[in-house]
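Subject: Structure handover

Hello,

Here is the structure I promised to pass on. Please load it first, then read the notes below.

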Amino acid sequence: MRNMPASGNIARNTIAMVLAGGKGERLSPITTGRPKPAVPFGGKYKIIDFVLSNLFNSGIRKAYILTQYQAYSLNKHIKESWGKWAGLGEFFDTISPETTNIGEQWYKGTADAIYQNLRFIEPSDADFVVLFSGDHIYKMDIAQMMEYHRTNKADLTIAALEVSPADAARLGVLSVDEDLKVTSFQEKPNQPPRVPGRDTCFASMGNYIFSAKKLIDILKKGKRRYDDLDFGKHVIPMMLEEGHRIFAYSFFDNQVPGMGPNERGYWKDVGTIDSYYEANMDLISVSPQLNLYNYSWPILTNQGNLPPAKTVFDDENRRGSNLDSLVCGGCITSGAAVRRSILGPSCKVHSYAQVEDSILFENVQIGRRAKIRKAIIDENIFIPEGMEIGFDPEADRERGCIVTESGIVMVTK
């Protein structure tokens, strides 16, 4: 494994706070019983593995993961994988809202979540605090963004996506000068400001680098004014009012080791069933925008102690085959056909069954002669012998499945 250290002492003087408490309501029912960062992606991974891998590969090894909604599965995943990879003075630790002498309450906004956990930042010797969201899919060398922050002597640096004006109207948009210094911030503007010299706009990714002292100071000021303290609504406007040095960092300029030209700028929110399905299915294409086989920038996760995947039987009418698919450890395709699909760990597809254009979570079993098409099947589900899913939308709805407008069938318990 090749890890790219951050420049100089930046990484050693940095604390990361990862916001990972989101419900992911638009991903329901996948997020029933788990937060969005704990949703499986690409078979073996969880969504949060992407931001944590970015931190780890960038040399940042002091990270608090702020959990909240249905936190058990996410806390367990962090403990069993990330928690045991830290070394001396390093940590990947989860924090959930607690009862204090101030009261008992959940986080009321993104900045409020950090404010409630300032006790982890204030006594540290950190010069910088990296604040990243835990529910997006992308690769990023955060060390490059930190060097940009330090070079600009910035108080705050905001990672920004370059998007079309039409897309910008749905997002938080940064107005910048020719040096990419931020001059204003607007949520969902009717006429989004353009990047100087281009017909594009800078949308905030919700990923920030703060100078630690500035962060502590502005959060304390903000909390006196806003109970539901939020970075986009309150903190950034306050810092602009006070004349702080705020810069936009173009995500497209970031390049991780081993990245191909078609991967630059890849970032997915996977906030809906359709976008989640499409991002997963892109992984099985010949040249996906997100390359999971780049060993210079690995996506890390809890590997588990599973045997290799295998196929069974090679008879003319009973042949186990996995074609154009991602198949995780512990899977057995027994005299069945799997095409253009993703099989999570420990799945079993029984004889004469067919699985096409589908995503199976962990420990799914497909019964004999069952036919599955364009479906997402939640973990630990057994599909009975002969059942057909994805062929008759009305029949799928009658058995309790959700069917999207594009025809994706969501099968949950």
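I start with a hairpin. Strands E9 and E10 form it, with five residues between the strands, and Leu180 there takes a positive phi near 65°. Bear in mind that this is a predicted model.

**Around E9**

How many residues of E9 are buried? Five of five, for a strand that covers residues 172–176. In a regular strand, side chains alternate between the two faces of the sheet. In E9 both faces are covered. Gly172, Leu174 and Val176 are buried on one side. Val173 and Ser175 are buried on the other.

**Positive phi and a cis bond**

Most residues other than glycine have a negative phi, and most peptide bonds are trans. Leu180 was one case of positive phi, near 65°. Here are two more.

- Phe313 has phi near 80°. Phe313 sits in the loop between E14 and strand E15 (314–315). Its relative accessibility is 37%, so Phe313 counts as partly exposed.
- Tyr352 has phi near 70°. Its loop runs between strand E22 (348–349) and strand E23 (354–356). With a relative accessible area of 26%, Tyr352 is partly exposed too.

The cis peptide bond joins Ser28 and Pro29, with omega about 10°. Pro29 belongs to the loop between strand E1 (14–19) and E2.

**The parallel sheet**

There is an open sheet of five strands. The order is E14-E19-E22-E25-E28, and the pairing is parallel. Which strands stand at the edges? They are E14 (310–312) and E28 (382–383). Each has a single partner strand, so one side of each is left without a neighbour in the sheet. For E28, the link to strand E25 (residues 365–366) consists of two bridges, and the two strands run parallel. Ile366 has Ile383 as its bridge partner in E28.

**H1 against H2**

Two packed helices are described by the angle between their axes and the distance between the axes. For H1 (residues 48–57) and H2, the axes come within 12 Å and cross at roughly 35°. The crossing is right-handed. H1 brings Ile48, Asp49 and Leu52 to the contact. H2 brings Leu74, His77 and Ile78. By type, the residues of this contact are four nonpolar, one polar and one charged.

**Ser81**

Ser81 lies in the loop between helix H2 (72–80) and strand E5 (91–95). Buried or exposed? For Ser81, the relative accessible area settles the matter. The value is 0%, and the cut-off for buried is under 20%, so Ser81 is buried. Its side chain has a polar atom 2.5 Å from the backbone oxygen of His77. Leaving aside neighbours within four places in sequence, Ser81 is in contact with Thr301 and Asn302.

Helix H8 covers residues 273–282. Its buried residues are Ile273, Tyr276, Tyr277, Ala279, Asn280 and Met281. What covers them? The cover includes strand E2 (40–41), strand E13 (267–268) and strand E21 (342–343). It also includes strand E24 (359–360), strand E27 (375–377) and strand E31 (409–411).

Leu300 is in the loop between H8 and E14. At 10% relative accessibility, Leu300 counts as buried. Leu300 and Val129 are 171 residues apart in sequence, and their C-alpha atoms are 22 Å apart in space.

**Where to look first**

1. The E9 strand, with both faces covered.
2. The buried Ser81, with its polar atom 2.5 Å from the backbone oxygen of His77.
3. The cis bond between Ser28 and Pro29.

Best wishes

Terms used: Residues are numbered from 1 along each chain as its sequence is written. Side-chain values use heavy atoms; hydrogens and water are left out. Helices (H or I, at least four residues) and strands (E, at least two) are DSSP runs, numbered from the N terminus. Buried means under 20% relative accessible area, exposed over 50%, partly exposed in between (1.4 Å probe, protein chains only). A polar contact is a pair of N or O atoms within 3.5 Å; within protein, one must be able to donate a hydrogen and the other to accept it, and residues adjacent in sequence count only if both atoms are side-chain atoms. Contact means heavy atoms within 4.5 Å. Axes are lines fitted to C-alpha atoms, for helices over the stretch in contact, and angles run from 0 to 180 degrees between N-to-C directions. A crossing is left-handed if the near helix is turned anticlockwise from the far one by less than a right angle, and right-handed if clockwise. Ala, Val, Leu, Ile, Met, Phe, Trp, Tyr, Cys and Pro count as nonpolar, Asp, Glu, Lys and Arg as charged, and the others, Gly among them, as polar. Two strands pair if DSSP finds at least two bridges between them.
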